[in-house]
Amino acid sequence: MIEEQLKYIFNQFDHKGEYKSFKELASGHINDTYLIKTVRKPYFVLQRINHGVFKDVPGLIENKVAVSCHIQKKLENKSKKKQERGVLAFARTKGGSAYYRGHEGNYWNLMYFIDKSVTHETVKSGDIAYEGGKLMGKFLMLTKDFDVNKLIEVIPKFHDMSFRYTQFEEAVTKASKERLEASKEYIKIINDSRQEMHILQSLKESGAIRTRVTHNDTKISNVLFNKNNKGICVIDTDTVMPGIIHYDFGDAIRTICNTAAEDETNLELVEFNVDFYKAYTKGFLKHMKSSISPLELKYLPLGAKTMIFIMALRFLTDYLNGDIYYKTKYPDHNLDRTKNQFKLLQSLSNQLSKIE
Ligand code: GN1
Ligand code: MG
């Protein structure tokens with residue numbers, strides 16, 4: 001059934017691929033993503049965009065296609081291979097649209113699969129951290145001259161701390177007794193952190209830190225590497241929108257420097273790896289150095305803290321709400337993600353002097 005559907009949708013797009021088989025790529029928490037294998041390469045990635053989470057899917061797709069085109073232009077003088085592998089390319093439907101809308105109301109988009117690439121859920125070497133940083137920094141540099149006002153806010157207030165606190169407070173008032181009880185310790189940490197966790201937002205709102213085109217979901221599994229662990233391409237550009245570099249820096253650090261996966265339940269395995277922080281930062285600044293202000297630089301460590309915190313806050317909010325946002329595999333999955341992120345934050349805080 002699903003196969004028939006995927007094949008049908010795949011064939012609504014304009015390409016030369018002949019459908020062979022599909023495989024679900026299940027690492028995301030929001031969309032449904034499938035690798036479409038064809039008789040002859042290239043393969044494709046077909047994605048159903050979750051329109052419960054993303055309220056303006058056509059706007060989202062316009063954002064990411066525009067950003068891809070912008071980067072494609074920048075790569076025009078590079079080798080064909082670099083052009084094909086350095087940026088996501090989207091297929092259009094036979095009618096010329098960048099997405100297909102099914103009868104059930106679902107939105108689909110199709111990308112060319114970047115072959116011979118791997119992703120990492122956790123990082124095992126400083127080289128990968130460095131390469132990840134280089135690629136993220138490059139993404140910000142390549143989009144630096146893209147007019148940020150042309151992008152819609154795909155999810156309004158996505159990394160806005162006040163907004164996330166408000167959602168959290170509402171969730172606390174509605175949560176079940178059991179879930180409130182299980183969250184007690186973390187609710188206290190959240191209430192005690194309010195001031196520090198608003199610093200970056202204030203700097204953004206006052207204009208002291210400027211708003212740029214940012215990716216906003218820079219977890220390391222959103223970076224493709226080749227088999228020699230060189231960074232190839234940043235993927236999952238659904239949340240490309242206006243933001244500050246601390247969002248991208250911090251979210252990457254959140255996943256790169258975690259010695260375990262973001263939902264590892266054995267918290268003894270969860271530590272903040274300072275060497276990877278150094279390696280990532282070195283890579284990140286390689287391209288960014290000339291375009292980063294002293295204030296932006298000064299607040300990078302707080303960017304890391306803030307992004308780990310905001311994810312913990314969002315996971316806990318979803319847990320208190322009864323798991324309505326993120327995909328979960330078992331009842332306490334969101335609580336386990338919360339505990340994991342707070343453990344990581346604690347480990348970072350213990351080593352903050354080394355980082356600063
Ligand atoms: C979600 O679906 P995925 O894995 O690309 C979330 C991110 C979180 C991430 C945590 C739109 O991303 O903000 O950092 O889970 N995306 C959205 O793993 O909420
Ligand atoms: Mg994403």
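Visitor: What makes you call K188 and D192 exposed or buried?
Guide: Both K188 and D192 are exposed; the word means over 50% relative accessible area, while buried means under 20% and partly exposed lies in between (1.4 Å probe, protein chains only). This is a predicted model, where local features need pLDDT of at least 70, side-chain atom pairs count only at pLDDT 80 or more, and totals for chains, interfaces and linings use all residues. Residues are numbered from 1 along each chain as its sequence is written, chains are lettered from A and ligands numbered from 1 in the order in which they are written, and side-chain values use heavy atoms, with hydrogens and water left out.

Visitor: Why is the contact of K188 and D192 called a salt bridge?
Guide: A salt bridge needs a side-chain nitrogen of Lys or Arg within 4 Å of a carboxyl oxygen of Asp or Glu. The N to O distance between K188 and D192 is 2.6 Å, so the pair qualifies. Both residues sit in helix α6 (residues 177–193), four residues apart, about one turn of the helix; a helix here is a DSSP run (H or I, at least four residues), and a strand is such a run of E with at least two, numbered from the N terminus.

Visitor: How do you know whether D251 and R254 are buried or exposed?
Guide: D251 has 0% relative accessibility, so it counts as buried. R254, at 3%, counts as buried too. Their side chains also meet in a salt bridge (2.6 Å, N to O), and they are three residues apart in helix α8 (residues 245–256), about one helical turn.

Visitor: What makes K343 and E271 a salt bridge?
Guide: Their N to O distance is 3.4 Å, which is within 4 Å, so the label holds. K343 lies in helix α12 (residues 333–350) and E271 in the loop between α8 and α9 (274–288), so the pair ties together parts that are 72 residues apart in sequence. K343 is buried at 17%, whereas E271 is partly exposed at 34%.
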